[in-house]
Amino acid sequence: MSVEAVQTYGRKKTATAVAYCKKGSGLIKLNGSPLELVQPEILKLKVYEPVLILGQDKFAGVDIRIRVSGGGATSQIYAIRQALAKAIVAYYQKYVDEASKRELKTILTTYDRTLLVSDPRRCEPKKFGGKGARARFQKSYR
């Protein structure tokens, strides 16, 4: 007997969140602790966005465990919300039906495309002749 589960990931800059979604009772854990304890407090609503948009009933039949590492606090929050959204869509595609998965996908993309599609922007590397990627040292003529 195999367990109904999918594994997805979300990325933002260097932060990576891996979501493991399986049949269950609506439990969402982040690094082993409940999702309510997420820090910083201001960005808590950002993590709950997929749940609030799709409704609690969509998440009632699944357990989602998320592991997140790398990046800063804000990047991790955005990686978590992407992993959460992608996990529910993948689960519905694999174990529910294609029509409901398409419905979820359209709802999420109309709200915010970054919930399902990763942001390709990365930090530009520093070059010689200056302090940063673009800034140059001051030039003196005498």
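User: Where in the chain is Asn-31 placed?

Analyst: Asn-31 is in the loop between β3 (28–30) and β4. Helices here are DSSP runs of H or I with at least four residues, strands are runs of E with at least two, and both are numbered from the N terminus. Bear in mind that this is a predicted model, where local features need pLDDT of at least 70 and side-chain atom pairs count only at pLDDT 80 or more, while totals for chains, interfaces and linings use all residues. Residues are numbered from 1 along each chain as its sequence is written, and side-chain values use heavy atoms, with hydrogens and water left out.

User: Why is Asn-31 called partly exposed?

Analyst: Its relative accessible area is 48%. Buried means under 20%, exposed means over 50%, and partly exposed is what lies in between (1.4 Å probe, protein chains only), so 48% puts Asn-31 in the middle class. Its phi is near 50°, a positive value in a residue other than glycine.

User: What makes Lys-13 exposed?

Analyst: Lys-13 has a relative accessible area of 52%, so it falls in the exposed class. Lys-13 also has a positive phi, about 50°, although it is not a glycine. You'll find Lys-13 in the loop between β1 (5–12) and β2 (15–23).

User: How do you know that the aromatic pair of Tyr-91 and Tyr-95 is tilted?

Analyst: Rings of Phe, Tyr and Trp (its six-membered ring) pair if their centres lie within 6.5 Å; planes under 30 degrees apart count as stacked, over 60 as edge-to-face, and the rest as tilted. A search of the whole structure turns up one aromatic pair. In that pair, Tyr-91 and Tyr-95 are 5.3 Å apart centre to centre, with 50° between the planes, which makes the pair tilted. Both tyrosines belong to helix α3 (residues 73–95), four residues apart, about one turn of the helix.

User: Is Tyr-91 buried or exposed?

Analyst: Tyr-91 is buried, at 6% relative accessible area, whereas Tyr-95, at 27%, counts as partly exposed. Leaving aside neighbours within four places, the contacts of Tyr-91 include Glu-4, Val-6, Cys-21 and Val-62. The C-alpha atoms of Tyr-91 and Lys-101 are 8.4 Å apart, ten residues along the chain.

User: What kind of peptide bond runs from Gln-39 to Pro-40?

Analyst: The bond is cis, with omega near -5°. Pro-40 belongs to the loop between β4 (33–34) and α1 (44–54).

User: Now the whole chain: what pattern does it follow along the sequence?

Analyst: The pattern is β-β-β-β-α-α-β-α-α, which comes to four helices and five strands.

User: How do you know that the protein chain is more spread out than a compact globule?

Analyst: The globule rule is 2.2 Å times the number of residues to the power 0.38, and the radius of gyration is taken over C-alpha atoms. For 142 residues the rule gives 14 Å, but the protein chain comes out at 19 Å, well over that, so it is more spread out than a compact globule. The C-alpha trace spans about 75 × 30 × 30 Å along its principal axes. Buried residues make up 36% of the 142.

Key: Contact = heavy atoms within 4.5 Å.
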